[in-house]
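Open the model in your viewer and keep the selection tool at hand. The stops below say what to select next and what is there.

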Amino acid sequence: TEIDVPIAQVLGWDADYADTFDVYFSTNQSLVESRDSSVRVVTGGSAKSYTPPSDLDIMTTYYWCVDSYRTGGSTAPYLGDVWEFETAQPISTDPASVLVTAGADPNFAVVVNTGAIPSGYQLQWYKDDVAIAGENGSLLQLYNVDDTDEGFYHCAAVDIATGLDVIDFSAKAKLMTRRLVADWDFEGADEAAKLTDKEGGLVGTYVDENGNPTYMATFAQSYQDIPNGADLFNALQAFGDPNEVKIADPTDSFNFFYPLGFTISAWVKYDPVDDYQNIVTKQDTGAKTGFTFQIHGEDLRLVLRTGSSYEIFTADTTLIADQWYHVAVGYTGNYVRFFVDGRQENYIDAARVPARDSLPATDGDLFLALDDAAGLLDEVKVWSYGLSKQDMLQEYVNSTRVGECLNDVWADLNDDCVVDMADWAEFASYWLTDTFIE
C-alpha cells in the first residue's frame, strides 16, 4: 500500500501484450474485487492511464485494478491484481507548544504534504479558535509577544471562499510567557478584595460542595505565627467543612503543562482534623484530568491526572500540625520537585514524571480548595513555569525578609554564605593547633 499519495492522481500501467482495458476504481474494496459495473471507470479503452475527473479525497484509501484484452485473442479478460493507495493528510506535523519570555519572537509551524490540499482550499491559522487574518502559510511568526498573545494556536486547511469548510486541522499548541500568573494574598477591605488575585485580577468565590455561593469566608491574622515576622496579615481559614474558593476564569486557563509546566507555592498551617487539605486544584472530575497540590495526612503531595491514570508524588518532609510552612511544587515534563521553607526537598526525574503531552487540557475549574480541611492558607502563588532552586529560595527570603545561603560550601567557615578572607582568618586562627593526645 502506498501512503501519502497526492490527491491529483494519474493511474498508469504497463501492458505490452494487451490492446484494450477495463479499469475499476473506488474506495469500496469489495466492489473493485468483484468487478462491479458501478465502479468501472474505463470500458475497452486503449490508453494505458486513467485520470480521475477531480481531486481525490484526502486521507482516503482507494482500490483499483486493470483487466486487459488482446485483439484476436480470447474474449475473456486477463484479470489484473487489485492495487491500493492512501491519499495524504494535508497537515502531517503539528505545531509545538512554546514557553518564552515577554518580548520574544516565537513561531508555530506545520508540515504540509505536497499535493495534499485541494484546489479552492488554503491554510488558515487560529488563536483560541478565532481566525488570524492574513496568516495562510505553514509558518506563523509572532513578534514581541506578551501575556495578551498567550493562548492555543492551531492551523487548518479551509475553503477559501467561505473559510468554514475545514478538511483537516492540526493539534492545538500553547503559547505561554514565563511569568507569575496569579497571587492571592487574602488582603483587602472586604471578602471580594481578599479573594481577588493581585496579579491578574482573577476573582474567587467561596462556594459549597455543590458549587453554590455559601456563607462568608473566614480570615485569621497570621503574621504573628510566620517565621521571622513575615509581612502576612490575613490567612484563609477552614473549619473541616467542604467549602472552597472557586476562581472565576475560563476553563482552559492554568493548563501550563502544555509548554513547560508550572510552580505553585503557599504558606500553610495544617490542622489534622481531616486527612486532606487541598492547596490548589484544577481538575475535571468527569474526565479525570488535571492536578492537585495538597497535604495528605502529614505529607505534601502533587497528584497529576492523565485521564486514564494518575501519578502521586510526595515530598520528603513530614509536616507538623499547627506549624507554618512555606511549601511549593514545580512540574515540567522533566521533573517534579518540592520545596519546604525555600529548600528543595526532593527531585523526581523524567523516569517517573508524566510527559507534558500525556496531560490533556483540563476543562475543570481552578480552586483554592480547602475541601473538608481545617487550617490556614496564605500567599498562594502560581507561575507558568518551573522555578529554579535559586528562584524559590528568593521567594522564601522575600517573604521572611531574612537572608539564606543557597548552598552549603565547606570553605564557608564562618557561615556567612560568602567564601572570602574572613574564612581564611578563621582558618588561620587555628593554624598549627595540635589537639592530638597519645
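The model is predicted, so local features need pLDDT of at least 70 and side-chain atom pairs count only at pLDDT 80 or more, while totals for chains, interfaces and linings use all residues. Residues are numbered from 1 along each chain as its sequence is written, and side-chain values use heavy atoms, with hydrogens and water left out.

Now widen the selection to the two strands, β1 and β7 (residues 83-87), which pair in the parallel sense over 2 bridges. Strands here are DSSP runs of E with at least two residues, numbered from the N terminus. Two strands pair if DSSP finds at least two bridges between them.

Next, show the whole sheet. It is an open sheet of 5 strands with mixed pairing, in the order β1-β7-β6-β3-β4. At its edges are β1 and β4 (40-45), each of which pairs on one side only. From one strand to the next, the twist averages 20 degrees; axes are lines fitted to C-alpha atoms, and angles run from 0 to 180 degrees between N-to-C directions.

Stay on strand β1 and select Asp4, which lies in it. What is the phi of Asp4 near? Its phi is near 55 degrees, a positive value in a residue other than glycine. Most residues other than glycine have a negative phi. Asp4 counts as partly exposed, at 44% relative accessibility. Buried means under 20% relative accessible area, exposed over 50%, and partly exposed in between (1.4 Å probe, protein chains only).

Move on to Gln9, in the loop between β1 (2-5) and β2 (11-12). Is Gln9 buried or exposed? Gln9 is buried because its relative accessible area is 18%. A polar atom of the Gln9 side chain lies 3.2 Å from the backbone oxygen of Pro6. Show also Tyr50, Thr51, Pro52, Leu56 and Phe85, which Gln9 touches when residues up to four places away in sequence are not counted. Contact means heavy atoms within 4.5 Å.

The next stop is strand β17 (residues 173-177). Of its 5 residues, 5 are buried, so the strand is largely enclosed by the rest of the structure. Ala173, Leu175 and Thr177 point one way from β17, while Lys174 and Met176 point the other way.

Two strands can be shown beside β17. Strand β9 (residues 98-100) runs parallel to β17 and is joined to it by 3 bridges; here Val98 stands opposite Leu175. Strand β15 (residues 151-159) runs antiparallel to β17, also with 3 bridges, and Phe152 has Lys174 as its bridge partner.

Then go to the loop between β14 (139-141) and β15, where Asn144 is found. Asn144 has a positive phi of about 50 degrees although it is not a glycine. Its relative accessible area is 55%, so Asn144 is exposed.

The last stop is Ala321, in the loop between β27 (310-318) and β28 (325-331). Ala321 is partly exposed, with a relative accessible area of 27%. Which residues is Ala321 in contact with, leaving aside its neighbours within four places in sequence? They are Tyr270 and Pro272. Select Asp271 too: Ala321 and Asp271 are 50 residues apart in sequence and 5.5 Å apart in space, C-alpha to C-alpha.

Definitions and conventions: Helices (H or I, at least four residues) and strands (E, at least two) are DSSP runs, numbered from the N terminus. A polar contact is a pair of N or O atoms within 3.5 Å; within protein, one must be able to donate a hydrogen and the other to accept it, and residues adjacent in sequence count only if both atoms are side-chain atoms.
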